[in-house]
Amino acid sequence: MDEYPAGSLDHTIPLLLTLGTCTGTAYDPGLSPALKEQAILIRSELPALDSDHARALLRYMQDRDASQLPCNGRDVSRKYRFRIKTAERSLLLPPRRARLPDGIKAPSPQAPTVLHSPYSPLSPTSPLYPDGLIDTQWIRKHQDFVPSLLLCFYTLSSDPTLATLCDNQIKTDVNNIRALLSQSGYKTRLAVALLSDHTTPSVDGLQERLETIRKGCGLDARALFLVPPSDSREGLERVAENMLTTLYTMSIEYYRDLGRHCRKKRSRGVAPQPTVPPTFGTSQTLSLAGWNVRYDFKSAIFAEYRLEMDVALRSYEQAYENLLSSELMELIPSWSPRWNEARFLADVITVRCLRCLLWNGQHSAAARRWQLHRERIADFVDRRGRGTNNYGWEAWEARWAIVMADLIEKADIHELGPSTLRLYLPPEKSVMGERLQPWELLHHTGYWYRLAAKHLHARRSYARSIPRDDRRSPSASPASLVAKAALTYDTYMCPVPYEEYPLDRAGVDHGQMIVDRLMRARSDFLKRRQIRFAAEVSLECAKELALAKDWQNIVELLRPLWKDLPFRAEGWIAIVEEVNWSLRAAAAAVGDAELVLAIDWELLSRSFTKRSDWHYDITRSLEGVSTKSKPSVSIKDGQVLPFISASFLFKDEEGKAGQSVRAQLSIKSNAHPGSAPVALSSVHASFSGSVKSISLKHQESHHETQQRSGRATLFAVSLTSEVDDNTNSEPRVSDEASSGVSLLGSADLTLIPGHSIVLNMEIPLREPGETRANALLLNFESEAFDLQQSLTLRENINTNIWYISAAATKHSPHPHPLTVRVLPRPPKMEVKCPGWNEQYYTDEPVSLEFEVENGEDIEALAKLDIALFGEKSPTFTVEIPGHESQTSSSVRSEESKLSAAPLGNIASSESLTVTLRLPAIERSSRYDLTLKVTYFLSTNPGTPISQTAVFQINLVNPFEANYDLLPRVHPDPWPSFFDYETVNALPDDETNIVPPYKGISQAWSLVTRYASFASEPLRVVDIDIAIGNPPSSSIRCTTSNKRTNLPASGRLIHPKTIEEAVFDLVAQKYTVDDRSHAPLDISLIIKWTRHLDPSSSSPSPESINTTSFPIPRFTIFGTEPRVLATVSHHKLSPSSPQLLLTLTVTIENGSNHFLTFGLSMEPSEQFAFSGPKLTTVSLLPVSRRSVEYRLLPLFGGGGGAGGVENGERGQEGEDEGGRWIRPGLVVRDKYFQKLLRVVAGGEGIRGGKEGFEVWVPSSWPGPGVDDKGGEQGA
């Protein structure tokens, strides 16, 4: 009675009934016995189809049933919606006209009796007769009883001998069914589906047969379907989809005709007359306003079948307003059964309005429409009914909220799904400008279920307030009380008082109803992460389960809530307390000992209200609780509100490794006054850093070891290390240096309520770094159980209290009292390098000797770590006395490292020499060398001490050089281009036989100037050049002479001094017809050593270093002509001091062209000359010619001015021992009219800005003496 009748609120979907397939069960439409006697039987005489093809088709159609689809219009891809039912060969239709009941005669024998539908208030057999509106049976008539479409299945035989007989049988059967439907008075559409048994050979014959069957049956072209046999499932599904889509259009036309007929009857404006006038009750028939409500409701239902939701909504609203108008519902007395029927109809109309609004996406309008109906019905009930302060109204309120939740679930609104985490939907655009209240927005279903549970609570309260007299059954109560109760209580869709809350038996299970609604609300809240709402609902649900003594479900419901309760951190102590007591009672009832212990441990806190009937003794928690084994409970920090608080403080901010730091641990009991003391078995404090943990065990103390004053007891705890037993063993590198040490101690750990125990400790510091106190682990052990409580230590300025004594405290200024910074122990181990140099040189092996000196008072066990940082750091070798040499490994390209090289035991004030060797490095580099000595003293093997020394190795090039390649005139003649003997064949690379070179030759002079960039004098032993291999064997180059001026023992080169070395080179081509230029790659090689002791005569070969400098590439044998000038000096006569200079100008043509050059010599005041003043020189290809001039200087042997003005001194000035003159020789290419530059081709010539210059010495010692370099001053 608490639910709406079946089918009254269901979404209307067109009904499709199939006939002619085997279903295995008989078709039962659900007609009442009275209507079943008058029902119309529709029967087919042909056997039902039982083939696999037919079953597959029927199964697919049933799978497409739309009864369970969401009630929304989002699925636009689906072209049809059907509720599909199946019958084998017969079905029953309700009678179109109801018969007169027995005993009732026609009002007038002359006038024909007009019979009406059994669902109409005009029929005497209808429960609506004579003034009822409409009931659920009419809705079910179109939803379950009368189909919109009747689809008959037949087999189309492909046998030619049976085809005509089969077709005639089909036509006969279809015509019989059509006749029965016509006799019934219903407008149900008839359709036929023919299933071929085999593939028909002729398409034309098949089409003719189908047309004959259609015409013989009088079927529409859309109502006949051929289902060919298909081997694939996809083909069958495609045929079924096309068939259902076509049938849907026919179904829509069926409901459109019904709606049109309904509107036509409404437009008449006349109330129809009943079959027999009423003769009982008020003798009133249904008024015209009632008929208009009935017609509007029917029109809305038919529009809803057609999915025309806007049309249906307007009809529903019109029917609703007419129903609640003063012409209809206001006139119905509340004691009449028609009052509840009208309320029921108003509910049905409103529910269907809500479905239409949700279908159209008008969510806020739906919420407002739900609220509007609630308020209007409440107004009607208060004015015309029995009021709203009774259990009947609260039952309707709960039911009305559940209806809204069901509508939202069936609408399947994606925007309000759990994945979106939305609590409600924003208003749609049509009401965006209005100011809406929060309850006018559409909330998720959890809101509505919780609202229903709230009204069910009120319903139970009203039910329990029913007087005892009204709770008795009518058979045990006087008639007057029964009549009074009937007029007092609102029993609309709910039980009467003696069934709602009877005296002698159980009535309505309000608790279970509340629990069901709350659990559904809790599920929705959890899906949307509304943790607080879910917790509140869970607590309400637990209260209801406690009334039913369903302890197991209480534990399952509240345990997750108690474990992760957010109210503890937020300070909602009352909620935590309520959950604890509820869960504690349930846990004790189901025997969950661990949960009972954890809750009792939390309830000891004075934050909760103290109960006078509770013992508050943790040792008695398991009284009355059966356990199979000794329980062990572990409580994490934050899981409960502990009654124990703790603080830890380091007195100092800093400490040094090897020393101790003072610390204080305070543990306070915040248990209820009068509760039993708690004696902890042990306390474990965990740290990060060098201290691993501190373990304190319970031991009853003597009065001399403690200070007690007021509510504090002070203990001095002595700590011992777990590794102290190993101090007599040999000193070694201990693992505790990295993993920390564990300290042990003992104290009286009995906690009295409201008292504190303070533990003073001296904690030894081992390793440098930061040590922090992290957490405490409190252990309580008894014969019945074991319990652990973990507490995370947190920094709080209010708890930074240092106990000076048991009666005196002070505030600790330490900003981070849980942390102490451990400074390294000052090391006394020194690392020195006596022979360290600021610079080391490339191409020289580096050997470094380091002394490790122990400045400690006792012996130390040491190890050495060496790291070399720098670009492409090389590997190095370390030699330690008494150990094998070790080689470093490359960690990456920038680091080479050697770790944990053992140095052994170093006695006090003793030193150890470590040699590090680096290989010769070719490039300038800078490396950082780090040596770290880690040692352990025998008195404290657990504390490492380290000393680090950093050295910077600078590797520089000891020398820098620059280079000049000067052309020279080769003394040998050039070969003739026209002589066939000068042409060689190419060399044979396979035999490596090279014929003699016959090509042109050129002479060059390589002048190198090198300087020392070392920080100390270096001795150069030898200097030479290395000529690289030419790219081909067609060119060769050799060194003809070198002038280094180095003695046999070498020359000492001081820093920043420049030295010069000259190398004469001769290059020759393989053949004269080779015109290509040739690259020349040369390297300068300097062999040097450091400055030796004066007693040493010569360096050893092992100490000589070789530095190679690649000279930039030169290019020789160019094809352009060049002009070379050389000079020689002679005396004019043996007795005359006057010098005579012979200037030879050589023009070389290395090309394949005939070239002509013009030479002109301008007169000069500086000298007189003899030779061609103006001449022409023609050169054959690959040839050279020389022109000589004799020059007589016109100044004295001392180099006087000789007509040169002082202003010319910058260009032609005097040098010590001679003078430079500038001949005015011009060489011009006759063809290109291009001036050729005259370059020096030997000694005594230099180039100038305006031309070449010739050196005239002031005195000439004679032939064979070299006076001046050819490039001096260039």
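Visitor: What is the angle at which helix α3 and helix α7 pack?

Guide: In this predicted model, helix α3 (residues 136–145) and helix α7 (residues 288–305) pack at an angle of about 25°, and their axes are 12 Å apart.

Visitor: Why is α3 called roughly parallel to α7?

Guide: Angles under 35 degrees count as roughly parallel. The angle here is about 25°, which makes α3 roughly parallel to α7. As for handedness, α3 passes α7 in a right-handed crossing.

Visitor: Which residues of α3 meet which residues of α7?

Guide: From α3 come Trp-138, Ile-139, His-142 and Gln-143. They meet Arg-294, Phe-297, Lys-298, Ile-301, Phe-302 and Tyr-305 in α7. Sorted by class, this contact of α3 with α7 has 6 nonpolar, 2 polar and 2 charged residues.

Visitor: Now α11 and α12, please. Why is α11 described as roughly antiparallel to α12?

Guide: The axes of helix α11 (residues 391–411) and helix α12 (residues 445–464) cross at roughly 165° and come within 8 Å. Angles over 145 degrees count as roughly antiparallel, so α11 is roughly antiparallel to α12. The crossing in which α11 passes α12 is left-handed.

Visitor: Which residues of α11 and α12 meet?

Guide: Among them are Tyr-391, Ala-398, Ile-402 and Met-404 in α11, and Trp-448, Leu-451, His-455 and Tyr-462 in α12. The residues of the contact of α11 with α12 divide into 16 nonpolar, 2 polar and 5 charged.

Visitor: Let us turn to the sheets. In what order do the strands run in the open sheet with β3 and β7?

Guide: This open sheet has 5 strands in the order β3-β1-β5-β6-β7, and the pairing is parallel.

Visitor: What makes β3 and β7 edge strands?

Guide: Each pairs on one side only, β3 being residues 83–87 and β7 residues 224–227. Neighbouring strands of this sheet are turned by 25° against each other on average, with direction ignored.

Visitor: How do you know that β5 and β6 pair?

Guide: Two strands pair if there are at least two bridges between them. Strand β5 (residues 149–156) and strand β6 (residues 189–196) have 8 bridges, in the parallel sense, so by that rule they pair. One example is Leu-156, whose bridge partner in β6 is Ser-196.

Visitor: Which helices lie against these strands?

Guide: Helix α2 (residues 52–63) packs on the sheet, touching β1 (15–19), β3, β5, β6 and β7, and its direction makes about 135° with that of β6. Helix α4 (residues 160–184) lies across β1, β5 and β6, running at about 165° to β5.

Visitor: Which strands does β21 pair with?

Guide: Strand β13 (residues 682–688) pairs with β21 in the antiparallel sense over 7 bridges, and Ser-682 has Asn-779 as its bridge partner in β21. Strand β22 (residues 786–792) also pairs with β21 in the antiparallel sense, over 7 bridges. There, Leu-776 stands opposite Leu-791 in β22. Strand β21 (residues 769–781) and β25 pair in the antiparallel sense over 4 bridges. Gly-769 has Val-822 as its bridge partner in β25, while the partner of Arg-772 in β25 is Thr-819.

Visitor: How many residues lie between β21 and β22 in their hairpin?

Guide: The hairpin formed by β21 and β22 has 4 residues between the strands.

Visitor: What makes β10 and β25 a pair?

Guide: The cut-off is at least two bridges. Strand β10 (residues 654–656) is joined to strand β25 (residues 819–823) by 3 bridges, and the two run parallel. By the cut-off, they therefore pair. Lys-656 has Leu-823 as its bridge partner in β25.

Visitor: How far apart do the C-alpha centres of domain 1 and domain 3 lie?

Guide: Those centres lie 102 Å apart. Domain 1 is assigned as 15–69 + 78–99 + 113–267, and domain 3 as 830–944.

Note on methods: Residues numbered from 1 in each chain as written. Predicted model: local features only at pLDDT ≥ 70, side-chain atom pairs only at ≥ 80, totals over all residues. Heavy atoms only, no water. Axes fitted to C-alpha atoms, helices over the stretch in contact; angles between N-to-C directions. Parallel < 35°, antiparallel > 145°, perpendicular 65-115°, else oblique. Left-handed = near helix turned anticlockwise from the far one by under 90°. Contact = heavy atoms within 4.5 Å. Nonpolar A, V, L, I, M, F, W, Y, C, P; charged D, E, K, R; others polar. Domains from an automatic or database assignment.
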